[in-house]
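Reader: Hi! Could you walk me through this one while I have it open?
Author: Happy to, just ask away.

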Amino acid sequence: MELLSGAEMVIRALRDEGVQHIYGYPGGALLHVYDAIFQQDEVQHVLVRHEQAATHMADAYARATGKAGVALVTSGPGATNAVTGIATAYMDSIPMVVITGQVMSFLIGEDAFQETDMIGISRPVVKHSFSVQRPEDIPSIIKKAFHIAQTGRPGPVVVDIPKDMTTPTERYEYEYPKNVKMRSYNPVSRGHSGQIKKAVDLLLGAKRPVIYSGGGIIMGDAHVELTELARSLNVPVTNTLMGLGGYPGTDRQFVGMLGMHGSYEANMVMHHADVVLAIGARFDDRVTNGVDKFCPTAKIIHVDIDPASISKTITADIPIVGPARDIIKEMIQLVKGAKTGPDAEAAKQWWQQIDEWRARHGGRFDINEGGLMKPQQVIEMLSKVTNGDAYVCSDVGQHQMFAAQYYKFNQPKRWINSGGLGTMGFGLPAAMGVKMNFPDAHVACVTGEGSIQMNIQELSTCQQYDIPVKIICLNNQSLGMVRQWQDMNYESRHSQSYMKSLPDFVKLAESYGHVGMKVDKYADLEGAMTEAFAMTDRLVFMDIAVDPFEHVYPMQVPRGAMRDMWLSKTERT
Amino acid sequence: MRHIISVLLENEPGALSRVVGLFSQRNFNIETLTVAATDDGTLSRMTVTTLGSDKVVEQITKQLNKLIDVVKVVDLTEGEHIERELMMIKLKANSSAAREEIKRTADIFRGQVIDATPNTFTVQLVGSSDKLDAFINALSGASLLEVVRSGVSGIARGEKVLSL
């Protein structure tokens, strides 16, 4: 058997796990590991400019591929800088393995240089964490880390490695385990057949059913099955922010996103439904609005891989724990075999009602003739120029909601955003993580002048590794979502939401060797954007001036029912 | 309602902090917590008593089960069970009347005087938390110097066993 040092085992284990890229930043505690990286060429290391970006790159890789991404950061500040990225992945159930350096084991607890208790600091935002106590455990710990990150409800796993576990001169027999067996970790592998049968009976008897699906469809690779089930039942489908792309966005049965900034029709459908089939979604507060008024006439069927998500906020009438795809497959078989199909007359009336709701709002917005562009127009143009086929990696704020509302995602894993934690600064590194792994795809970072500045140093990483993403910066010179809330709830007192002293983004991009474009007029937008995407080998930063007074609508009235919404600055349901 | 939750967890460094952290992170209440290794050196047994509605306790057991280090979770209060807590209580006992009174009360509760000085008695008492509370109340005439309680340990009645 081959003898390897702890440092070599770390990299070899990653190789044996099929990892091609790791994103990271070196430091004292990791010097042995970085030396091992230098002496091989199978696992490529990408040097970021800030550890947070490394975690977002690994996270976005996972969102786009379904496989765990890997970040490597040193002890102390390296580890704490990674915490925001770990929390981002945790909130959205994204598989990720974060390897953190640690001071030598005999120094732990002595407040050594660059020491921090990473296991402690990260504990509330990881699925699990390991602290390496013996170098020979490294292969099995890394195997377990990937297994835990990628199975059940996915999530980030931290592996903390004290420096003396990686000493180059101490060698151990290396063998990467083929299987993992853990007595305390056995995710549910199939749904309860009796519950599935009950759910299908309820759906077939429903008069106003709806499917509400979330990120579980995306990570659970269940979009094909979801589409088949929805069509066989002829029911409307709404997606959460995390679930966009899980059902074709241009399909007639799709009623849009639901929740705080959901479509009018999606929220009306939810409010009036008699049966709600929730799959891979967790009844988040941004979805339910006031829980006491949520879906007053509906029976709730809740399918989720995580038993703790069921009946956490909204009590499920029929809970089903298990993987979405297998459960939906079983549902499809039962629908096919049913003696009587869905009530055709009820369906006709339900769809008639839904079409009326669609006609009332339908995502309309006013345009400023001859004035500043509306952000919605930019997203619609992005959708047009990229044929609705781009990876859209979003930052956080108004632009994120506009992208979710106006870019029509027909495929899963194309919409990459920080939904749960709402991490500004996510967009650019996320786009980089996707582009490095899908070099031929269109990859757009939809951002604002606020968010982009939270990780703008990564323009340097893009230069070093030739990562030609397209940055679509909706520049409204203000923290738009904060400003919107201040308009609506604080009599327009814009406390700290105005962005003074913005850089010249065009020159900034150029200083990193990229292309910068400034667009002020809608008339120039299509030409400029087409040109930007035609430059397939260049990063293009599009600084697009948009109306700073625009709000995101619909917007639910706080603590109201699903149907209680503002539809514009003056119109309420 | 008060629940007694028994947890078998891996006897690994950090496992306890994951459980305790979960309670504070999720805003769950802990009344008492005890933990020690079992006959199987790889396993620890923890008993947590908590106050909460059925919905909250259901979340607690589900969230505990999600922790990778947790092997098994049982809500003992769902079935017949036995709970015991140990208390050591130090009392001022500097007159013969006080000494008599404390001894008599301890006898009634089947407590034992386990240490004595000319001025103090230390009494040991084992029982349910209610019994321990009652003993403290019964001694309200005497002056308490110090109270140490172990927290609740619990086990199911009959042949039900919480093991691997």
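This is a predicted model: local features need pLDDT of at least 70, side-chain atom pairs count only at pLDDT 80 or more; totals for chains, interfaces and linings use all residues.

Reader: Thanks! What box do the C-alpha atoms of chain A fill?
Author: Roughly 75 × 60 × 40 Å along the principal axes.

Reader: And how many of its residues count as buried?
Author: In chain A, 55% of the 573 residues do. Buried means 20 or more other C-beta atoms within 10 Å of the residue's own, exposed means 12 or fewer, and partly exposed is in between, with C-beta atoms placed from the backbone.

Reader: How many helices and strands are there in chain A?
Author: Chain A contains 20 helices and 22 strands. These are DSSP runs numbered from the N terminus: H or I over at least four residues for helices, E over at least two for strands.

Reader: Which order do the strands of the open sheet in chain A follow?
Author: The 6 strands run β3-β2-β4-β5-β7-β6 with parallel pairing, where a pair needs at least two DSSP bridges. β3 (44-47) and β6 (128-131) of chain A are at the edges with a single partner strand each, so one side of each has no neighbour in the sheet. From one strand to the next, the twist averages 20°.

Reader: How many bridges join β6(A) and β7 of chain A?
Author: There are 4, in the parallel sense, and β7 covers residues 156-162. A:H128 sits opposite A:V157 in β7(A).

Reader: Which helix packs on that sheet?
Author: Helix α3 (residues 51-65) of chain A, which touches β2 (21-25), β3, β4 (69-73) and β5 (96-102). Its direction makes about 165° with that of β4(A); axes are lines fitted to C-alpha atoms, for helices over the stretch in contact, with angles from 0 to 180 degrees between N-to-C directions. Contact means C-beta atoms, placed from the backbone, within 7 Å.

Reader: Switching over, what pattern does chain B follow?
Author: Along the sequence, chain B reads β-α-β-β-α-β-β-α-β-β-α-β-β, with 4 helices and 9 strands. Buried residues make up 26% of its 164 residues.

Technical notes. Residues are numbered from 1 along each chain as its sequence is written. Chains are lettered from A and ligands numbered from 1 in the order in which they are written. Two residues are in contact if their C-beta atoms, placed from the backbone, lie within 7 Å.
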